[in-house]
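Please open the model in your viewer and keep the selection tool at hand, as this tour goes from one stop to the next.

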Amino acid sequence: MKLTRSRRAILVIGFAAVFPWAGHAESLAIRNCTWCHGVSAHGYSPAPGLAGQRREYIQNQLKNFSEHTRDNPFSRLYMWGATANLSPATAHGLAFYFSTLSPQAANDGNRELEAEGRSIYQLGMPDSNTAACVVCHGPNAEGVGEIPRLGGLAYTYLKRRLEQWGEGYHAAARPPMPRIASKLSANQIEALASYLSFVK
Amino acid sequence: MNLIKATSRLVILTIAFSSAARADAVSKQNFEAKIGYCQDCHGPSGQGYRGFYPIPRLAGQQTEYLENQLRAFVEHRRTNNIMFNVAHNLSPTMIRALATNFRHFNPRPLGGAPKNLVAAGKKIFEDGVPSANIVACAACHGPDATGKDEFPRLAGQIYPYVVKTLSNWGKERGQIPGKPDTSAVMQPVVHSLTKSQIEAVAAYVSYLR
């Protein structure tokens with residue numbers, strides 16, 4: 001669901017009143033994110049797209065980085081430092097700002113695996129007791145609340161993230177992701193990452 | 001002598017075990033894998049989960065209700081693509097075993113419903129809405145909302161699930177006209193309930209323990 005232009009304008013105005021720096025692309029806090037996540041926040045490998053990501057999810061992840069519970073190598077290398085001195089108010093402001101930007105699909109997966117990925121995403125695999133992603137992440141992989149948007153994220157990011165759940169990273173996150181992702185085979189992960197990279 | 005005794009005992013035991021295994025087609029391994037599958041979405045203690053779609057609480061639910069619903073998904077009496085897919089390859093023995101499993105779980109309700117609606121919901125639950133000829137929910141679901149047989153437990157059920165279910169009743173339940181089921185009992189009730197009454201009742205039951 002896309003925000004209407006007027007609703008977005010209201011959000012941005014309201015946001016700018018609370019965070020006066022937010023209206024400027026030059027604002028330091030936003031600039032520090034967009035160095036890696038891209039000037040339009042559409043992602044720049046390996047940094048994922050943030051545009052249109054769920055506000056609660058971004059905020060929650062920033063907290064996870066600063067508390068060191070999200071602990072994969074790139075998080076340790078980049079995000080632990082980036083969030084070390086982030087105040088809750090700034091984290092909230094950044095999460096709000098990026099959630100209002102329009103997402104753009106990375107379109108960088110393997111087209112031949114798209115159909116298989118869609119089937120896993122939409123229907124799950126009852127024979128191997130693998131849950132359907134759609135139930136929590138939504139029919140267009142748009143996410144809700146603390147559950148992230150997956151649609152349009154980059155293939156390599158999605159693939160590594162799914163692999164890392166099974167490898168035990170970010171184990172302090174609430175279930176179900178560590179359990180569900182660890183049931184996926186390497187081929188199934190590639191299919192899911194491919195499909196999701198094309199979802200608008 | 002002892003060897004013969006031991007051998008015959010072993011033979012008897014082997015026969016006993018293999019016939020028991022045949023009678024109960026659900027192996028421990030398959031059962032535990034399937035329970036884990038339920039828990040991936042419905043929560044480790046069956047407490048329910050707020051995903052993009054609300055995923056109902058199963059903890060403490062009536063065995064007969066869960067069995068009937070799993071069959072309803074398979075028979076298309078209850079519309080739900082995801083749950084059809086989940087349930088369509090379960091054996092009757094597995095369905096029975098799964099339905100029994102969550103009966104004795106008792107986690108705290110998930111909470112999160114608007115508290116200001118609880119008092120109005122309690123009144124509807126206990127007294128019904130006489131002016132609209134709506135019976136008290138307690139009449140079938142019990143004074144503690146713990147349900148009985150095919151009438152489900154509502155206590156602790158997550159708020160968005162109850163709201164969605166009552167709002168969509170006629171589109172989700174009893175979908176085979178020639179094969180009416182228990183869901184028909186609710187049809188006149190949900191037809192008469194207003195949106196705000198649905199939200200009030202859903203808020204009330206969601207906090208019951």
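How many residues of chain B are in contact with chain A? Select both chains: 18 residues of chain B are in contact with 25 residues of chain A, contact being heavy atoms within 4.5 Å. This is a predicted model, in which local features need pLDDT of at least 70 and side-chain atom pairs count only at pLDDT 80 or more, while totals for chains, interfaces and linings use all residues. Residues are numbered from 1 along each chain as its sequence is written, chains are lettered from A and ligands numbered from 1 in the order in which they are written, and side-chain values use heavy atoms, with hydrogens and water left out.

Next, colour the interface, where the two chains bury about 1,700 Å² between them, 61% of it on carbon and sulfur atoms; buried area is the accessible area (1.4 Å probe) that two parts lose on being put together, summed over both. On the chain B side, select Y37(B), D40(B) and F52(B), which lose the most area to chain A, together 37% of what that side buries.

Stay with D40(B), whose side chain meets that of R179(A) in a salt bridge (2.7 Å, N to O), a term for a side-chain nitrogen of Lys or Arg within 4 Å of a carboxyl oxygen of Asp or Glu. Between chain B and chain A the count is two salt bridges.

Finally, move to F52(B) and Y53(B), whose ring centres are 5.2 Å apart with planes at 80°, so the pair is edge-to-face (centres within 6.5 Å, planes over 60 degrees apart). F52(B) is partly exposed at 29% relative accessible area, and Y53(B) is partly exposed at 37%, the term covering values between under 20% (buried) and over 50% (exposed), with a 1.4 Å probe and protein chains only.

Notes:
Rings of Phe, Tyr and Trp (its six-membered ring) pair if their centres lie within 6.5 Å; planes under 30 degrees apart count as stacked, over 60 as edge-to-face and the rest as tilted.
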